[in-house]
Amino acid sequence: MHPVWGRGVYALNHLSAVFAAGVPKVNENVARRMGFEPFPTIDAALREAEARLGKDCSITYHPHLEEQTYFTRVNVNGN
């Protein structure tokens with residue numbers, strides 16, 4: 001287990017979802033076991049967030065956009 005995941009796992013109880021963007025098909029089960037919802041691309045994750053929460057939802061993301069491998073945390077109205 002990665003130490004960063006171990007420290008962050010408690011936050012999952014307070015988030016509506018954590019999307020893992022850029023997850024290869026072969027690793028989807030790994031992402032799910034960690035409590036994340038896997039998506040093949042960033043665009044797919046953003047489309048799902050907007051479909052669930054509306055276009056005015058709040059999105060927090062990992063700052064390394066150029067790597068195209070980050071997690072998108074989505075919440076609405078601070079929940």
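Why does Lys25 count as exposed? Lys25 counts as exposed because its relative accessibility is 67%, and the cut-off for exposed is over 50% relative accessible area (1.4 Å probe, protein chains only).

## Basis of the model

This is a predicted model, in which local features need pLDDT of at least 70, side-chain atom pairs count only at pLDDT 80 or more, and totals for chains, interfaces and linings use all residues. Residues are numbered from 1 along each chain as its sequence is written, and side-chain values use heavy atoms, with hydrogens and water left out.

## Salt bridges around Glu28

The whole structure contains 5 salt bridges; the term means a side-chain nitrogen of Lys or Arg within 4 Å of a carboxyl oxygen of Asp or Glu. One of them joins Lys25 to Glu28, with 3.7 Å between the closest N and O atoms. Glu28 is buried at a relative accessible area of 16%, buried being under 20%. Salt bridges link Lys25, Glu28 and Arg32 in a network.

## Glu37 and Arg52

Glu37 pairs with Arg52 in a salt bridge whose closest N and O atoms are 2.4 Å apart. This pair links distant parts of the chain, 15 residues apart: Glu37 lies in strand β2 (residues 37-39) and Arg52 in helix α3 (residues 42-53). Helices (H or I, at least four residues) and strands (E, at least two) are DSSP runs, numbered from the N terminus.

Glu37 is partly exposed, at 25% relative accessible area, and Arg52 is partly exposed at 42% relative accessibility; partly exposed lies between the buried and exposed cut-offs.

## Lys55 and Glu50

A salt bridge also connects Lys55 and Glu50, the closest N and O atoms being 3.2 Å apart. Lys55 is exposed at 71% relative accessibility, whereas Glu50 is partly exposed at 30%.
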